[in-house]
Amino acid sequence: MNINLTLFAQAVSFAILIWFTVKFVWPPLLKAIETRQKTIADGLAAGERGKQELEAATQRSTAAVEEAKLKASSIIAQAEKRATDIIEEAKNNAKAEGDRILAGAKAEIDQEVNRAKEGLRAQVSALAVAGAEKILRKEIDAKVHADMLNTIANEL
Amino acid sequence: MAAEKLTPSEYIGHHLSFNAKSVGDGSFWVLHYDTLIMSAILGVVVFGFLWWVVRGATSGVPSKRQAFVELAVEFVDDQVKSIFHGNRHVFLAPLALTVFVWVLFMNAMDFLPVDIMAKFYHIIGLEHWRSVPTSDINATFALALSVWVLMIFFSIKVKGLGGWIHELFCSPFGTNPLIWPANLAFNLIEYISKPLSHSLRLFGNMYAGEIIFLLLGMWAATGLAGTFFGALLGAGWAIFHILIVVLQAFIFMMLTVVYISMAHESH
């Protein structure tokens, strides 16, 4: 328990060790640790950023799909409308065509009827003349009464 | 040392005497070569190891060796960070690391079995040689007084000489001139008690530990039962001593950090 010069010698070696640690041991290790901490922090930040970007991309793609669906349904609606229009138009056209054909046919039928009437009329007058000729063979001269016969035929 | 002719007090006295060399007149001019050389060897080996690891330190994936050193360094750094709020990397944290590691290894010399080491030192021609530098009061006082000087240095550096003197007279009780003497007395007691408690705590623990090992060793010389129980209790004490060695190194470091960060704070 005696204090002596050892104290100062020991203090000197302590001072040397402190100097050595401050100068050579602490700074490089601290630098390594801090650099690694920064690297890790950067990595974590990058990961976080990537996650956020992925989320944003997912949102964008969902929005795009929604938009496409909307567009597709509107296109389908348009197409359906157009199809109905076309069908409607075709119906109308067909109806008009049918009416026209019908009208033509009716007119033709009328013509035919008239022609048949003309023919019949001519044949009836001829038949009447022939009948009258048989009845009146002797009294009536065809040549003399031709005018009168014609008048009758026209009246039929 | 087998004790055929030695009395117990001779045995203990032999183990507890320093390898002292007088370098001048008077009892002060004496050097304890064992303390100085053991602590210097430990300092060179341990801090050489740290330097060797740190020189190849990478900021990428650390080797196991580097991870171990980083673990110790970050342990110390965390302690300093929780106490000191300045830029600790300039001085205080490396100082704490130095104190912790050096004291830890000086304490750990206590694990060396006293008698086997004495035999070994005897073989290499050293008759009185103590392995544990921290059981020499000169060593612990050297550390505590160095810390004390640093404490005053930082106190003056941070507050200025005037601020430091002002604090001697005006804290902790107040600035009234009537209580200046009380303040001064209080501060003087604090400045005296700090290095005393700082160094004597470490010295007392290590010295007591050594004496208990010696007593157990002496018991072992009394016969078969003594050898058996001496060995058993010696093992128990050594295991308990692992705690003391680390704890005292830790306490010494913490007090160093606390004293110096207190010096940075003005009242």
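First, the ground rules. This is a predicted model, where local features need pLDDT of at least 70, side-chain atom pairs count only at pLDDT 80 or more, and totals for chains, interfaces and linings use all residues. Residues are numbered from 1 along each chain as its sequence is written, while chains are lettered from A and ligands numbered from 1 in the order in which they are written.

Chain A, then. Chain A has two helices and zero strands. Those are DSSP runs: helices are H or I, at least four residues, and strands are E, at least two. The radius of gyration of chain A, over C-alpha atoms, is 62 Å.

Now the interface. 40 residues of chain B are in contact with 29 residues of chain A. Contact means C-beta atoms, placed from the backbone, within 7 Å. On the chain B side, H2(B) gives the most, with ten residues.

Last, the helix pair. In chain B, the axes of H3 (64–83) and H8 (224–264) come within 10 Å and cross at roughly 35 degrees. Axes here are lines fitted to C-alpha atoms over the stretch in contact, and angles run from 0 to 180 degrees between N-to-C directions. H3(B) brings B:Val76, B:Gln79, B:Val80 and B:Ile83 to the contact. H8(B) brings B:Met253, B:Met254, B:Val257, B:Val258 and B:Ser261.

Conventions:
Contact = placed C-beta atoms within 7 Å. Rg over C-alpha atoms; globule rule 2.2 N^0.38 Å.
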